[in-house]
Every structure is written in structure tokens, then in C-alpha cells.
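The structure is shown first.

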Amino acid sequence: MKKNAVKIGWLMVLPGCLFVVFFMLVPLFLLIFRTFFDEGGFTLSGYFEMFSSTYFKQVFLRSVKLSLISTAICAILGFPTSYYIAKYSKNKGVLMALAVFPMFTSPVIRSFSWIVLLGKKGIVNSFLVSIGLFDRPVSILYNEVSMTIGFIQLFMPLMILSLIGVMEHIPEDLNLAAGSLGATRLGTFRHVVLPLSIPGLVTGCVLVFTGCLTAYTTPQLLGGTDTRVLATMIYQYAMSLGDWTQASIVAVVMIVITICVSSGINGISRRLNPTI
């Protein structure tokens with residue numbers, strides 16, 4: 001019976017595995033293979049040419065910087081929000097629905113909404129001028145600031161959902177026990193809540209960073225033509241210049257960055273919470 005159950009299990013998993021292999025892994029390996037071989041055989045000239053380019057270095061650093069900044073802000077803002085929803089809110093379902101609701105709106109629509117809000121005649125500039133903070137409208141749109149704002153709104157729900165899923169399972173008795181032993185609220189947060197929330201925080205950070213690094217629509221619409229990131233750079237090489245080899249190299253670089261940063265976040269989390 002057990003062997004039959006195992007065979008049935010493998011048969012049920014097989015279609016999904018085949019789909020992943022043929023439609024995800026095979027194209028990925030072909031993409032990577034193409035960057036190392038050309039008509040003359042094995043070569044690394046494409047990578048040397050790419051990394052020697054000042055333009056690529058600027059785009060590379062900007063992409064990583066904006067992704068890290070957006071991830072950090074999402075973690076800082078999402079942590080207290082998630083904790084309140086998970087532990088203190090009486091309308092948890094409503095608040096979770098409000099947190100997830102932006103995900104049901106197209107990134108294109110959200111980006112155009114920010115264009116209206118952040119423009120020189122938009123609501124944000126009008127408010128800043130009306131309170132006397134600036135004498136004239138400032139340039140908030142089509143730069144790194146507007147891209148970061150778009151990233152935060154786009155991926156904050158992922159951070160909140162990841163944290164809520166973990167915080168809901170933190171027993172309230174642990175907080176009460178820490179308080180009874182003389183721990184302050186800050187001490188309870190530091191020694192009880194934060195360590196137990198790290199798995200959700202790690203998941204949220206990886207999802208947000210990966211999303212920010214690979215997002216195309218938001219940086220394309222909010223960053224303009226002068227603020228390129230890796231995703232828009234791939235489009236530029238592939239569709240505008242027709243250089244699919246360079247586009248593939250940029251894609252491989254993005255994959256490597258994602259793996260390295262994810263491994264780094266997991267390493268830091270294990271130091272903070274060795275049980276992970």
C-alpha cells in the first residue's frame with residue numbers, strides 16, 4: 001500500500017515537474033549557455049565588455065541600491081503594521097484585504113496614478129508649496145525618488161502578508177511570560193517578537209528585493225528615459241538595439257544578484273535566529 005501511495009504521489013507530481021523543467025529550467029539554461037558561447041566557441045568577452053562599461057556599472061549600482069532601499073523601507077514600515085494586524089486588530093480580515101487590495105490593480109495603472117500625484121502640478125507638489133516647505137514645485141517624478149515610491153507601494157503587500165503569517169503563530173503567552181520576568185515592552189520585542197518573526201521577515205525581504213530588481217513597468221514609467229535599471233536595460237538591448245546576447249548577459253547578472261542577496265539575507269537571519 002505504501003509503495004502504491006508513493007507511485008501515485010510521483011505520478012501526481014510528474015506533470016508539474018515536467019512543466020517546470022521544459023518551460024522554465026531548459027530556457028534558463030539555454031539563456032545562460034548563450035552568453036558563454038558564440039560561433040567561435042567558449043568566450044567571456046561579452047561579460048568583460050559589459051563590466052567594463054561605465055553605463056552598465058551605473059545601472060547595476062542603481063538597481064541594487066534602489067532594491068535594497070525599497071526592501072529596507074518595506075521592512076521598517078511593514079513590521080509594525082503586520083504586528084498590529086496580527087495581534088491587536090479586531091478587524092483583521094478587513095485590514096488584510098486593504099493591504100492586499102493594491103495587488104489587484106495593474107502596475108501600469110498604479111504608475112500612472114503616481115505620475116498624476118508626483119508631477120509638478122500634482123497633489124504632492126501643491127501640498128508642499130502650500131505649507132511653505134518649497135517656494136516652487138520640486139522634481140519628484142522621473143527619478144530615483146519616484147521609482148522608490150512606486151516600488152514600495154507595489155511590493156509592500158508581500159512584506160505585510162509574509163510577516164502576518166508568522167506573527168499570527170507567536171503565542172501571546174511568551175509576551176506575558178517575558179513581562180512577568182521583568183522585561184520591558186522594548187525588551188520583549190527585541191528578545192521574543194523579533195527573533196520569532198525573522199522567518200517571515202526573510203521571506204518578505206527576498207520577495208520584495210527580487211520584485212524590485214526584476215520590475216519593468218514601474219521603473220519604465222516612473223524612472224523615465226534617464227534613470228535606467230537592469231530590467232529596462234534588458235528591454236533596451238533586446239528590443240531597441242536587437243542585441244540579444246547582451247540582454248541575456250544582463251539577465252544572468254540579475255539572476256546572480258538575486259541568488260547572492262537572498263543567500264546573504266538568509267545568512268544574517270541565521271545569525272539572529274540560529275533555529276532557522
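## Helix pair H3 and H7

H3 and H7 are oblique to each other. In this predicted model, the axes of helix H3 (residues 54-87) and helix H7 (residues 144-167) cross at roughly 40° and come within 6 Å. The crossing of H3 and H7 is right-handed. Among the residues of this contact, 20 are nonpolar, 6 are polar and 4 are charged.

## Thr218

Thr218 belongs to helix H10, which spans residues 217-222. The relative accessible area of Thr218 is 4%, so the residue is buried; the cut-off for that class is under 20%.

Leaving aside residues up to four places away in sequence, Thr218 touches Ser111, Met147, Gly150, Phe151, Leu154 and Gly223. Helix H7 covers residues 144-167, and the contacts of Thr218 include Met147, Gly150, Phe151 and Leu154.

## Val100

Val100 is found in helix H4, made up of residues 92-100. With a relative accessible area of 17%, Val100 is therefore buried, as the value is under the 20% limit.

When residues up to four places away in sequence are not counted, Val100 touches Pro157 and Leu161. Thr35 is 65 residues from Val100 along the chain, and the C-alpha atoms of these two residues are separated by 39 Å.

Terms used: Residues numbered from 1 in each chain as written. Predicted model: local features only at pLDDT ≥ 70, side-chain atom pairs only at ≥ 80, totals over all residues. Heavy atoms only, no water. Helix = DSSP H or I, 4+ residues; strand = E, 2+ residues; numbered from the N terminus. Buried < 20%, exposed > 50% of the residue type's maximum accessible area, 1.4 Å probe, protein only. Contact = heavy atoms within 4.5 Å. Axes fitted to C-alpha atoms, helices over the stretch in contact; angles between N-to-C directions. Parallel < 35°, antiparallel > 145°, perpendicular 65-115°, else oblique. Left-handed = near helix turned anticlockwise from the far one by under 90°. Nonpolar A, V, L, I, M, F, W, Y, C, P; charged D, E, K, R; others polar.
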